[in-house]
Amino acid sequence: MKTAIVTGAAGEIGAANCRALLDAGYQVAAVDKDPDGLDRLEKQTAAAGAIKGFVADIMSMDSVQAMYDDVRACFGPAAVLVNGAGAVTAPSLRQCNEADWVSDVDLNLHGPWRCQSAVLDDMIAAGNGVVINIASINGLGVYGYPAYSVAKAGLIHLTRFTATELGRFGIRCNAIAPGSVMTAAWDDRRRRDPDLLDRLTDWYPQRDLCTPNEIAALVRFLASDSALHLTGQVISVDAGLSGGSDRMVADFVGEEF
Ligand SMILES: NC(=O)c1ccc[n+]([C@@H]2O[C@H](COP(=O)([O-])OP(=O)(O)OC[C@H]3O[C@@H](n4cnc5c(N)ncnc54)[C@H](O)[C@@H]3O)[C@@H](O)[C@H]2O)c1
């Protein structure tokens, strides 16, 4: 069995990614800083032995390296890395202080770089490997959360660098850019603003939001040999948002369309 590492595994998107890769036949190292969340995931996942939680903080290289040493000892070298751990702090430039800026960039950009750095030697030695970065539409356009967005834009460019520099060693790297996905990351805002979901959904051309399982289905595809020559790309799963705004088109054309 090949080994897949999934970070942010205690979150809903991460857990869906773990399940999709288990279904595809991988043994999965589920990585998160939240030990209780990893315990819950292990108990809820009907694949005893094939999934194991590893507690690590991706904001520390020592922690990431210790995690990878443990994963290697338990499951063997990584064939797939899914960088999914991430979070936001300040919603706007005027509300963003230095600590917010530094922590968002460290978590959302340097964190995936640390995880990738830990596994690359093994992937190069094996002559193949797949890195999948969970970016965001915030890395492609301006939708609030500046430090997080700049980090995700950086992650998209790191994706291109990895694919370009390491393609000759058999390594593929792609990014997924989800639109809004109603996970626990939204819980606080939805408690404070119960109509948020309806208002947000209205901006998406499909008038709907994608789910963790849709992200996970794409992760499974990108990890597979069906995507053998798909590399260096960013794929949006965003109910049409990055394609354009039908609400704006309605104002432009000035008639029912
Ligand atoms: N939910 C959305 O609307 C949305 C949209 C676009 C992109 N994304 C991206 O998808 C990914 C998952 O998002 P989610 O909504 O499931 O979030 P979530 O908050 O539910 O899960 C994120 C997980 O990352 C873990 N984590 C945070 N900091 C960590 C650290 N330093 N070390 C290790 N683990 C850490 C958390 O403990 C949590 O379990 C993130 O990268 C996020 O930026 C989410």
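Which residues in the largest nonpolar core touch the most other members? They are Cys18, Leu21, Val28, Val80, Val82, Ile132 and Ile176, out of 30 residues in that core. Keep in mind as you look around that this is a predicted model.

**The nonpolar cores**
- Another core, of 25 residues, lies apart from it, and its members include Ile58, Met67, Val119 and Val131.

**Contacts of Ile132**
- Leaving aside residues up to four places away in sequence, Ile132 touches Leu81, Val82, Asn83, Asn174, Ile176, Val219, Leu222 and Ala223.

- Strand β2 is largely enclosed by the rest of the structure, because six of its six residues are buried.
- In a regular strand, side chains alternate between the two faces of the sheet.
- Gln27, Ala29 and Val31 point one way from β2, while Val28, Ala30 and Asp32 point the other way.
- β1 and β2 run parallel and are joined by five bridges.
- Ile5 has Ala29 of β2 as its bridge partner.

**A nonpolar patch on the surface**
- Met248, Val249, Phe252, Val253 and Phe257 form a nonpolar surface patch, and together they have about 550 Å² of accessible area.
- Val249 sits in helix α9 (residues 246–253).
- Val249 counts as partly exposed because its relative accessibility is 33%, between the cut-offs of 20% for buried and 50% for exposed.

Technical notes
Residues are numbered from 1 along each chain as its sequence is written. This is a predicted model: local features need pLDDT of at least 70, side-chain atom pairs count only at pLDDT 80 or more; totals for chains, interfaces and linings use all residues. Side-chain values use heavy atoms; hydrogens and water are left out. Patches are made of residues with over 30% relative accessible area and no salt bridge: like charges are joined within 9 Å, nonpolar side chains (Val, Leu, Ile, Met, Phe, Trp, Tyr) within 5 Å. Accessible areas come from the Shrake-Rupley method with a 1.4 Å probe; for residues, only the protein chains shown count as cover. A salt bridge is a side-chain nitrogen of Lys or Arg within 4 Å of a carboxyl oxygen of Asp or Glu. Helices (H or I, at least four residues) and strands (E, at least two) are DSSP runs, numbered from the N terminus. Buried means under 20% relative accessible area, exposed over 50%, partly exposed in between (1.4 Å probe, protein chains only). A nonpolar core is a set of buried Ala, Val, Leu, Ile, Met, Phe, Trp, Tyr and Cys residues joined through side-chain atoms within 4.5 Å. Contact means heavy atoms within 4.5 Å. Two strands pair if DSSP finds at least two bridges between them.
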